[in-house]
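Colleague: I would like to go through this model with you, beginning with the sheet. Could you take my questions as they come?

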Amino acid sequence: MEESTRHTCLRLELGEKEEEEESSNGRDVIFIKGTWFDDHFSLSITDGSLAWVCNASISEVSERAEQWDQPVNEYIVTAERYLGFQQPGSVYCFVDAGDGSRRLSWTFEKQGMKLEWRWKCQPSSNNKQTTAEILDFLMDANIRLSEEVVRKTQSFERLRAEAEKCLAQSEKFNNEKREFESAVYAKFVGVLNSKKAKLRELRDQLSKRGVKSPQDEDDESTDRTEIMGGSEDEISKKEPPKNLPSTSKSSPAAKNKKRKTSK
């Protein structure tokens, strides 16, 4: 399994700014290039004129991790986070350690305790070469970032053009929909009005010929029913019919007629 390698470069400002209006020229600035492996790392540091290096071997990293009661990979990840990006709230120092060496330190909090890590950096055997390597890395990173910005910008422009195109199509579809609905409604109203006019014309023709329309017949039948029916009070006031004579016995004339027929 191949060992993963990562690179970082941190522009680290040392010391505190006395007043807001002062420029950053009043503070010390160093560049820290880190090369990170799974179980060790190396640092190259420059202030623009001098350079220093720190090669943390596997045994040194393992010993430090054991001292801090951490796994090696966790120790590497923590160091990379603080030396890859300047963390707010952390105090960084790069002080003289004698014989041209410097001690790089930074602080962090863990479980409510403020801790400090230190690594001693030796003077570079070739200041110009170390500084040039850091500058080359920064230039390459800047080129990659510039290319990435160009790609992202082009992608954004394409997305914006597509969005504008979709918006224009949506507006077009909405306008066509409104025009279609207006046209259909106008046609429907025209057909409905023509049907109404035709019905009125047919009714007028029937009236001229003396033929009642179905609606007139319904109205008339309703009126007749009301007249013939009357109310219950009017019906109760009518005189009841008289008793008719019984027809159970036949009259003499009827009997004579019956006899003649039988003869």
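Colleague: To start, which residue in β7 is the bridge partner of W52?

Modeller: The bridge partner of W52 in β7 is P123. Strand β4 (residues 51-56) and strand β7 (residues 113-123) pair in the antiparallel sense, over 2 bridges. Two strands are said to pair if DSSP finds at least two bridges between them. Strands are DSSP runs of E of at least two residues, helices are runs of H or I of at least four, and both are numbered from the N terminus. Please note that this is a predicted model, in which local features need pLDDT of at least 70 and side-chain atom pairs count only at pLDDT 80 or more, while totals for chains, interfaces and linings use all residues. Residues are numbered from 1 along each chain as its sequence is written, and side-chain values use heavy atoms, with hydrogens and water left out.

Colleague: What is the strand order of the open sheet?

Modeller: The open sheet has 7 strands in the order β1-β2-β3-β4-β7-β6-β5, with antiparallel pairing. Its edge strands are β1 (6-14) and β5 (92-98), each of which pairs on one side only. On average, neighbouring strands of this sheet are turned by 30° against each other, direction ignored. For that angle, axes are lines fitted to C-alpha atoms (for helices over the stretch in contact), and angles run from 0 to 180 degrees between N-to-C directions.

Colleague: How many bridges join β1 and β2?

Modeller: β1 and β2 pair in the antiparallel sense over 9 bridges. Within this pairing, R6 stands opposite W36 in β2. Strand β2 is also joined to strand β3 (residues 41-46) by 6 bridges, again antiparallel. A hairpin of 4 residues connects β2 to β3.

Colleague: I had my eye on G34. Is G34 buried or exposed?

Modeller: G34 counts as buried, at 1% relative accessibility. Buried means under 20% relative accessible area, exposed over 50%, and partly exposed in between, with a 1.4 Å probe and protein chains only. G34 is found in strand β2 (residues 28-36). Of the 9 residues of β2, 7 are buried, so the strand is largely enclosed by the rest of the structure.

Colleague: And which residues does G34 touch?

Modeller: Leaving out residues up to four places away in sequence, G34 touches R6, H7, T8, S42 and L43. Contact here means heavy atoms within 4.5 Å. L43, in β3, is also the residue that G34 stands opposite.

Colleague: Changing topic: which residues touch the most other members of the largest nonpolar core?

Modeller: They are L104 and W106, in a core of 28 residues. The largest share of this core, 5 residues, comes from α2. A nonpolar core is a set of buried Ala, Val, Leu, Ile, Met, Phe, Trp, Tyr and Cys residues joined through side-chain atoms within 4.5 Å. The contacts of W106, not counting residues up to four places away in sequence, include A79, Y82 and L83, together with W117 and W119.

Colleague: Which residues of α2 are buried?

Modeller: Y75, I76, T78, A79, E80, Y82, L83 and G84 are buried in α2. The end C-alpha atoms of this helix (residues 72-84) are 18 Å apart, which agrees with the 18 Å that its 13 residues should span at 1.5 Å a residue. The expected span is 1.5 Å times one less than the number of residues.

Colleague: Now the charged side chains. How many salt bridges does a search of the whole structure find?

Modeller: The search finds 7 salt bridges. A salt bridge is a side-chain nitrogen of Lys or Arg within 4 Å of a carboxyl oxygen of Asp or Glu. One of them joins E13 to R11, with the closest N and O atoms 2.9 Å apart. Both ends are partly exposed: E13 has a relative accessible area of 25%, and R11 is at 42%.

Colleague: Which residues are linked in a network of salt bridges?

Modeller: E148, R151 and K152 are linked in such a network. The E148 to R151 distance, N to O, is 2.4 Å, and for E148 to K152 the closest N and O atoms are 3.7 Å apart.

Colleague: Why are E148 and R151 separated by about one helical turn?

Modeller: They are separated by about one turn because they lie 3 residues apart in helix α3 (residues 127-208). E148 and K152 are 4 residues apart in α3, also about one turn. In general, an α-helix has 3.6 residues a turn, so residues three or four places apart point the same way. As for accessibility, E148 is partly exposed at 30%, R151 is partly exposed at 44%, and K152 is exposed at 54%.
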